[in-house]
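Q: Please take a close look at one strand and its pairing partners, and then at one pair of packed helices.

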Amino acid sequence: KKKIAIMTSGGDSPGMNGVVRACVRMAIHMGCDAFCVYEGYEGLVQGGSLIRKMEWHDVRGWLSEGGTLIGTARCMAFYERPGRLTAAKNMILNGIDALIICGGDGSLTGADKFRAEWPSLLEELVTKGELRPEQVQPYKHLNIVGLVGSIDNDLSGTDATIGCYSALARICYAVDLIEATASSHSRAFVIEVMGRHCGWLALMAGVATGADFIFIPEKPSEDNWREQMCSIVRQHRELGKRKTIVIIAEGALDKQGGKITPTMVKDLLADKEGLGLDTRITTLGHVQRGGTAVAYDRMLATLQGVEAVRAVLEATPETKTCFIAITENKIVRKPLMEAVIDTQKVAKAIQRQDFDEAMALRDAEFSE
Ligand code: ADP
């Protein structure tokens with residue numbers, strides 16, 4: 001019987017439980033044993049009770065649970081080869097040679113590295129006398145498939161990551177709540193949203209709530225952003241708007257690569273010499289990650305989880321490591337490392353303040 005393990009890693013996102021449920025049940029449906037690795041790579045490195053066999057009923061009701069019930073962690077040991085060596089040993093001791101990982105670009109990079117090193121890790125385990133040659137013999141090839149779980153929607157090659165629409169829905173809901181009180185007092189609110197190097201959440205939240213102004217990392221503000229923002233807000237106020245909503249991505253930058261902070265924006269809106277608006281800052285923080293997944297993320301988690309198990313079962317030693325994407329509404333397999341490299345290119349372009357390149361890369365993603 002083939003033994004397939006499923007784990008969640010990196011930042012949690014709504015929909016991860018749906019992924020685990022779909023993978024466990026599809027694996028069982030296909031006649032395999034399903035395992036869960038608890039606490040991300042930490043579970044692989046520590047082994048023991050953190051690697052557990054799962055039955056059909058163990059994941060009952062998981063579609064409507066937020067976060068990840070099998071836990072997730074940042075695991076320093078897995079960055080280093082000795083950590084990965086122990087992880088390989090624990091997998092073999094449990095008879096596992098196929099791994100489905102749901103996480104962000106970091107987790108998927110680690111997964112690819114693990115797979116590339118696998119033969120040499122087995123060799124080392126035998127040389128060091130930790131395992132006997134006949135113990136490693138049946139596990140010559142490690143099959144790995146990635147699923148992208150992230151609220152940021154920051155991975156190249158897929159239209160949506162599992163969790164991003166739940167986070168977006170939560171942001172919209174929060175902005176709606178704030179708008180009611182903002183209108184009542186005729187106030188301005190500067191709302192900071194998550195997204196690391198990616199402005200997708202901020203941009204889409206701005207579109208979906210009709211925000212007055214948006215700051216995102218990929219399109220940094222012009223040198224005269226202060227005048228621009230104030231002039232737009234003033235126009236909106238003159239049209240009779242009683243509320244002002246400015247959405248700012250946590251990674252928002254100006255043209256010089258300087259951070260644009262909520263306090264900077266607040267001080268400007270509140271400046272007595274200018275607009276003089278009664279302005280408050282709301283940092284939405286972890287509210288954005290919490291709660292149950294919206295219908296779209298549950299659908300994505302389920303369809304992609306099923307496809308991940310299929311991909312694991314169909315993989316051969318020659319197959320490149322793949323991840324499961326959604327493009328043009330179709331669930332598809334794509335080469336993992338190309339997507340990770342493209343994603344890192346955007347982050348690096350932003351870091352070296354090559355914003356034209358960052359925008360071109362993002363445009364290419366969406367017109368793919
Ligand atoms: P995310 O998956 O959300 O991007 P991280 O970047 O924190 O989150 O990655 C999650 C975990 O994946 C890390 O704690 C580490 O254990 C593993 N990992 C990330 N990058 C690498 C890498 N380059 N090599 C090995 N392991 C990695």
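A: Strand S2 (residues 33–37) and strand S3 (residues 51–54) pair in the antiparallel sense over 4 bridges, where pairing requires at least two DSSP bridges between the strands. Strands (E, at least two residues) and helices (H or I, at least four) are DSSP runs, numbered from the N terminus. The model is predicted: local features need pLDDT of at least 70, side-chain atom pairs count only at pLDDT 80 or more, and totals for chains, interfaces and linings use all residues. Residues are numbered from 1 along each chain as its sequence is written.

Together with helix H1 (residues 16–29), S1 and S2 make a right-handed β-α-β unit; right-handed denotes a clockwise path from the first strand over the helix to the second, with the strands pointing away from the viewer. Because 4 of its 5 residues are buried, S2 is largely enclosed by the rest of the structure. A residue is buried if 20 or more other C-beta atoms, placed from the backbone, lie within 10 Å of its own.

Turning to the helices, H4 (residues 105–127) and H11 (residues 336–351) pack at an angle of about 135°, with their axes 10 Å apart. The contact involves Asp 105, Leu 108, Thr 109 and Asp 112 of H4 and Leu 336, Met 337, Val 340, Thr 343 and Gln 344 of H11, contact meaning C-beta atoms, placed from the backbone, within 7 Å. Axes are lines fitted to C-alpha atoms over the stretch in contact, and angles run from 0 to 180 degrees between N-to-C directions.

How values were computed
A residue is buried if 20 or more other C-beta atoms lie within 10 Å of its own, exposed if 12 or fewer, and partly exposed in between; C-beta atoms are placed from the backbone. Two residues are in contact if their C-beta atoms, placed from the backbone, lie within 7 Å.
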